[in-house]
Amino acid sequence: MTELYSHTGGDGETASVTLDPSRRADYDVPAELFGKFIEHLYSPWRVKNALEAQTLFNPTLGSWKFQHETYDADGGRGAIHDHDEIAERVETYVETHDLPGAERLEDAYHGGCAFWWFHHGDGVRTSPDVGVAGDRAQRIEVGNNGRAGIAQWCFLPLHRTDTFEGDVALRATDETTVRLALHETDDEGDLGDPVATTTVTAGETYDTHEFEFAVEDYDCADDAVFGFSVTTAEEANLVVDHVRCYPDDHVNTADPEIVELLRDAELPVLRWPGGNFVSGYHWEDGIGPIEERPTKPNPAWDGIEPNLFGTHEFLEFCEAVGCEPMICLNAGDGSTGEAARWVEYCNGDPETTEMGALRAEHGHPEPYDVTYWEVGNEVYGPWQVTWTTPDGYADRLERFTDAMTAVDDDIEVFACGNRLTDWNDPFLASRDELDWLTDHVLLECHADASTDPVEVYNAHSGIAHQLREEYDAVREDCEAAGLGDTRLAITELQLFTRFDEGAEGDAMTEADLPRNSSITEAVFDTSIVNACIRDDFVRMVTHSGVGNHGAGVRKVRERTHAEPAYYGQRLGLSLAGGTPVGVDVTCGTFSTETTFGADTAKWFGQLDPVEDAPAVDVTAVEDPDDHDAAALLVHRDAGRDDIAVELDGGGLFTDHDDVTVTTLTADEMTAENTYEDPENVTPTESTAAVEDGTVSLTLPQYGVVRVTAD
């Protein structure tokens, strides 16, 4: 294989980079190196599926699970029941989402009200009941004390639209007029007069009523806490199955801002629905009429799985974005028959297959033609529901693959892999062919007051060489097993930094810790993907994540903003379709002394000390999809100031008077985009003159720079 990168030591303030088109890869850069991952992961920080435009918390009034912190013997995490522990968790929710107060939610929860909802008005009594799908519903008993019922606090995307639509499924012991309303709230969280209302009539059997209303004449800020209420002015005994409320600009129930961000990024592939979640997820719960979809406890995380965003919603989301879907299967407590039915539901002919006909009945006659199917997520780990052993997984992989390909032999199957243990050995030895092998790069780094922040940053920016060596060993294992055509996919990637209290020192505070929401993640990701571009083994990366999980897109108060990692991926995607060429770099080096992540090294690896790593990392391609040539440069040394770079195009810039230089950088390694300042870290664009085939530019500290010749 042609070596595409060479380094010669230099000084610390300057660097020279020469592109060499005579050294060329025999492959093009796949766009799939710039994919994303989304999980149904609910915690105090997430609570809702951020892909959805749903404005209400717990719209199915489900039985909320407050997750235990330790794993069960068979994997997954059960629920806590101690009132004091629950009170602490509720307080965390309220503080995280900037809601008026925890006591009202806690009292209502212990008084038979679904979590996130509370009593509104006098004389209300609540208790759990049974919904249409056999799951939890909410009984509401109202006396003769005036209008009363239940309510919750919520946020509305009034910066985009003032019109909302949804549906409610309910019944009553006697015919009852029920009002649905949005309210302003005061500082204590009390609901004021309605700013939007509609009414429905509850009969003696469950019925679903659609509604629409517009918010008018509100005096508060458009991002303030609003209230949503379900009430009646009559003495009544109601049971509510669910109530959904979406802005009218939703995209098949998805958030239009997230659709737009990912569409603008030209996202190539999106992995779903997990993650740890998938090891206990049963896809058939999430298809068909909403009323028939049961709400269940989230098998891996806090909260519930309301099953409002299932297979159809995900695949329609991918169609709206313009990306390929990748479905990760339940190879925990899921069966091979369940997996085969899922493949047939997505890809089967509606005329000749049972599940294809069911898909058509659900409104989508044409097959979705899903190509990418991953058999399980991290099922080597005891945190997974129904985890297994290496030989156990070899058995599962064979049975799942046989069942799935019997339905559709055009699919590509991904085996759940692990680069660091003997996990891969049994299934590599037993397979005659293997389309894809996966791995997760989730290196947990603990720091404290004695840790130098530069060490943390440089340990991550310098990990690519170590990772390349680890993947070379995996490739050798595949080739030794006669699986030389197997490709590798990193299906989860992000940095995990944790600050530990209690240590002596003043080198760092928690505020100094670089996180995946910061510019550090963009540098970390780009360094790793650059290494992947220089090798033809890793052909896909689905970076974590979308929507308050990992890094990429953040959603707060129903407003969405992109994080630095999002922009870093957009810069890198410009290399897609191009042929990698040789790069010769002369620059200074950096080293680290600390080993990070030893506690989690067994499964996900550790960050070993870095020795004499080049401060400047560069990949370059000829003839990418949208340019004549492109180069991506990364400044990897947080202990070094800006670097003056002379970039010799090796003839690739000769026919150009100038090139476009796009720079993503920040003043601090901890710089991030926030709700208050959503464009704090964004790319800037300029041009640089080409003189004798060479470009002069500045590679800023904490920076990623893309150079394109158009």
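This report walks through a helix, some strands, a threonine and the cysteines of a predicted model.

## Ground rules

Because the model is predicted, local features need pLDDT of at least 70 and side-chain atom pairs count only at pLDDT 80 or more, while totals for chains, interfaces and linings use all residues. Residues are numbered from 1 along each chain as its sequence is written, and side-chain values use heavy atoms, with hydrogens and water left out.

Let's start with helix H9, residues 453–461. Helices (H or I, at least four residues) and strands (E, at least two) are DSSP runs, numbered from the N terminus. Eight of the nine residues of H9 are buried, so the helix is largely enclosed by the rest of the structure. Here, buried means under 20% relative accessible area, exposed over 50%, and partly exposed in between, with a 1.4 Å probe and protein chains only. Among the buried residues of H9 are Pro 453, Glu 455, Tyr 457 and His 460.

The cover over these buried residues includes helix H10 (463–480), helix H11 (519–533) and strand E31 (629–635).

Strand E31, one of the elements covering H9, is itself mostly covered: seven of its seven residues are buried. Ala 629, Ala 631, Leu 633 and His 635 point one way from E31, and Ala 630, Leu 632 and Val 634 point the other way. In a regular strand the side chains alternate between the two faces of the sheet.

E31 is joined to strand E30 (residues 616–622) by seven bridges, and the two run antiparallel; strands count as paired if DSSP finds at least two bridges between them. E30 and E31 form a hairpin with six residues between them, and Asp 623 in the turn has a positive phi of about 55°. Glu 622 has Ala 629 as its bridge partner in E31. Six bridges join E31 to strand E36 (residues 704–709), again antiparallel, and there Ala 629 stands opposite Ala 709.

## Thr 619 in strand E30

Thr 619 sits in strand E30 and counts as buried at 2% relative accessibility. Its side chain makes a polar contact of 2.8 Å with that of Asn 530. A polar contact is a pair of N or O atoms within 3.5 Å; within protein, one must be able to donate a hydrogen and the other to accept it, and residues adjacent in sequence count only if both atoms are side-chain atoms.

Leaving aside neighbours within four places in sequence, the contacts of Thr 619 (heavy atoms within 4.5 Å) include Ile 533, Leu 575, Val 583 and Ala 631.

## An open five-stranded sheet

Elsewhere, five strands form an open sheet in the order E5-E6-E13-E8-E11, with antiparallel pairing. Strand E5 (124–130) and strand E11 (207–214) stand at the edges with a single partner strand each, so one side of each is left without a neighbour in the sheet.

Within this sheet, strand E8 (residues 163–172) and strand E13 (residues 236–247) pair over nine bridges. Asp 167 has Arg 244 as its bridge partner in E13.

## Cysteines without disulfides

The structure holds zero disulfides, a disulfide being a pair of cysteine sulfur atoms within 2.5 Å. The sulfur of Cys 416 is 7.6 Å from the closest cysteine sulfur, in Cys 328, which is too far for a bond. Cys 478 is in no disulfide either, as the nearest cysteine sulfur, that of Cys 416, is 14 Å away. Cys 416 is buried, with a relative accessible area of 2%, and Cys 478 is buried with a value of 2%.
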